[in-house]
Amino acid sequence: MDVPQGGVRAITIRAIVNNKRALLGTILVAAVLLFTLVGVFWTPYNPISFGGGKSFLSPSWLHPAGTDIYGRDIFSRIMAGGQTSLSIAGVAVAVAATMGSIIGVVSGFIGGIVDVIVSRVVDLMLAIPALVFALGIVALLGPSAQSVTVALSVVYMWQFARVIRSIVISVRNKTYVEASRGLGVSPIAIIVKDIFPSVVPILVVQITTALAWGILDEANLGFLGLGVQPPSPSWGSLLIEGREYLFDTPWLSLGAGTMVLITVLGVNLLGDGLRDIIDPRSAEK
Amino acid sequence: MEPSAPEEIAREPLFVVRNLDKVYGRPGRNSTRVRALDNVSIEVRRGEALGLVGESGSGKTTLGRLLVGFESPTAGSVLFQGRDIAQMRRAELGHFRNMVQMVFQNPFASLNPFRTVRDVLSSGYRRRIRRAELRTQLVEALERVGLHESMLDRYPFQFSGGQRQRIVIARALTVQPSVLIADEPVSALDVSVQAQVLNLFKALQRDLGLTIVMVTHDLRVVNFLCDRVAVLYLGRLVEVGERDEVINSSWHPYTRMLMSAAPNGDPEVRSTRPWVSSELGAAAPPEEGCIFAPRCWLREQLGNPERCLSARPESRELPVEITASPGHVVECHFAEEVPHYARLAEEQLAASDGPALPGMGSLR
């Protein structure tokens with residue numbers, strides 16, 4: 001078929017294999033997920049208990065990422081920590097993207113007084129520094145993985161809402177939306193079929209950045225004593241634990257940092273590739 | 001008073017526009033308010049092709065959008081088959097949407113780049129119908145506008161402007177409307193393609209008995225397609241009548257001027273005509289008196305009568321003794337003088353080889 005495909009339907013295994021960025025992104029994301037999944041069930045050493053190993057060992061065959069201040073194997077801690085980091089960041093971003101999309105689409109599409117009120121609320125929420133906002137929510141709910149997830153969802157939501165609202169507004173008055181309205185198409189169908197496809201590319205980009213921030217913000221909250229408590233590992237907390245000794249024993253942070261990097265890179269590439277696949281105009285590659 | 005006999009229904013106009021005003025901008029902020037339509041009254045008859053012509057900014061597109069119900073009037077009313085569009089309830093409005101469809105000016109903006117022709121065409125079908133049946137209908141819709149079924153799964157960017165405009169027309173026809181409002185449907189296309197699309201309009205009008213309202217600034221389009229012509233100037237309807245009468249023997253000085261502005265192939269002639277030099281944008285509509293008075297050549301010829309500046313001319317139907325056909329409406333105090341002075345100036349022109357007066361058979 002020489003006819004290019006577009007839209008969400010165009011996302012097929014074949015399309016991903018044919019798109020270099022999507023393929024590489026998929027491989028990276030799959031590798032990270034597999035690594036984390038294995039970490040849930042098995043790690044080379046116990047990632048939590050102080051097993052009497054030597055502190056500050058540099059990377060070797062026995063300890064690929066070295067050992068930390070208590071002599072725990074960092075590689076095992078990275079494997080075990082992925083679960084916390086990915087689930088918190090992933091769920092928080094998914095919830096934030098969904099809620100933000102709904103708020104943005106409703107506000108932008110309806111317009112008028114609804115839009116004015118919603119926009120002011122969004123501005124207000126964005127005016128509060130993200131970490132302070134999240135701190136407040138976690139303090140309210142009590143420190144736990146769940147409350148960190150809730151806090152990050154609430155904090156990230158407004159950014160999504162604002163970006164998506166602006167796109168909806170730019171698309172709302174396009175002639176093709178008017179044409180659909182003239183045909184008697186229902187507002188819901190107009191949103192789903194005429195407006196949302198234009199939102200998807202930006203949404204994908206926004207999701208990838210938010211995911212990276214999610215991993216780091218989870219660590220920040222943990223560092224401040226809210227969120228996941230030591231000794232349970234997460235990538236963010238590993239990064240922060242190693243910060244004090246960064247000049248003497250850089251490997252303490254290096255492993256977790258690499259994982260964050262690979263994850264963000266993979267999600268970014270995947271997002272980029274998906275955006276290309278979705279947009280029919282870029283389909284004749 | 002419901003019309004009973006079928007011929008009575010046939011004679012009843014589809015659209016009745018009464019004293020329509022459309023003002024853009026917020027009330028109270030006079031500086032930003034734009035009066036796009038000012039006291040416009042017109043009828044659209046069943047089965048006719050009506051041309052709305054005028055310079056840019058004359059309100060012709062606004063009038064078209066009000067007829068489709070995309071805008072609501074500031075004052076006055078638009079009646080479709082006796083019912084006010086602004087008062088319609090949901091079900092009634094759905095019915096209206098199926099009867100009246102719009103064809104847009106720019107076929108590059110009126111098709112969603114993310115949706116295939118199949119998606120675009122099937123959005124008009126509200127009820128669930130079987131796939132095979134839908135497909136037959138879509139293929140029919142494409143063939144009606146001269147496109148092939150192999151194009152169903154393509155995206156808008158894969159088509160030329162003319163093909164896109166055909167798709168837009170096909171989309172409008174999927175709900176089987178009886179009226180098409182076309183807003184400069186060919187102005188974005190190049191000339192060779194314009195002819196194809198205009199022929200399509202003509203064929204559709206003949207085969208489906210469509211009523212067509214053609215918003216255009218192109219007098220060739222009017223000449224080719226329209227039965228009647230309405231001329232707008234700064235939001236006011238200055239003349240309505242049969243196409244040949246308006247184009248060739250108009251009773252309004254502005255229409256004469258507009259016709260003379262049409263290029264006739266000889267650049268020398270056009271450039272020496274003084275009446276087309278003034279810009280519409282420069283002329284703020286006068287508060288009272290005739291809206292065209294500041295640019296009116298007839299007023300000069302008549303020795304600048306005071307009446308043109310003090311009293312706004314009523315829109316009036318010319319007596320049948322003067323016009324060839326009834327229903328010729330014009331908005332000018334001195335409409336009866338127009339042909340005489342136009343001829344006079346034409347004779348002067350012939351004698352002096354100087355500037356020509358408008359409208360003297362140059363168009364055909």
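In this predicted model, the side chains of B:R115 and A:D194 meet in a salt bridge, with N to O at 3.0 Å. The count between chain A and chain B is two salt bridges. Here's a quick look at that interface, then at one strand inside chain B.

**Where A meets B**

- On the contact count, 25 residues of chain A touch 24 residues of chain B.
- The two chains bury about 2,200 Å² between them, and 60% of that sits on carbon and sulfur atoms.
- A:Y176, A:E178 and A:L183 supply 28% of the area chain A buries against chain B, more than any other three residues.
- Six residue pairs are in polar contact across the interface, both partners at pLDDT 80 or more.
- On the chain A side, α7 (175–182) and α8 (187–223) each supply at least two of the residues touching chain B.
- The largest share of that side, seven residues, comes from α7(A).

**Strand β8 of chain B**

- β8(B), residues 211–215, is mostly covered, with five of its five residues buried.
- In a regular strand the side chains alternate between the two faces of the sheet.
- For β8(B), one side carries B:T211, B:V213 and B:V215, the other B:I212 and B:M214, and all are buried.

**Its neighbours**

- β3(B), residues 49–53, pairs with β8(B) in the parallel sense over four bridges, and B:L52 stands opposite B:V215.
- β7(B), residues 179–183, also pairs with β8(B) in the parallel sense, over five bridges, with B:D183 opposite B:V215.

Methods
Residues are numbered from 1 along each chain as its sequence is written. Chains are lettered from A and ligands numbered from 1 in the order in which they are written. This is a predicted model: local features need pLDDT of at least 70, side-chain atom pairs count only at pLDDT 80 or more; totals for chains, interfaces and linings use all residues. Side-chain values use heavy atoms; hydrogens and water are left out. Buried means under 20% relative accessible area, exposed over 50%, partly exposed in between (1.4 Å probe, protein chains only). Two strands pair if DSSP finds at least two bridges between them. Contact means heavy atoms within 4.5 Å. Buried area is the accessible area (1.4 Å probe) that two parts lose on being put together, summed over both. A salt bridge is a side-chain nitrogen of Lys or Arg within 4 Å of a carboxyl oxygen of Asp or Glu. A polar contact is a pair of N or O atoms within 3.5 Å; within protein, one must be able to donate a hydrogen and the other to accept it, and residues adjacent in sequence count only if both atoms are side-chain atoms.
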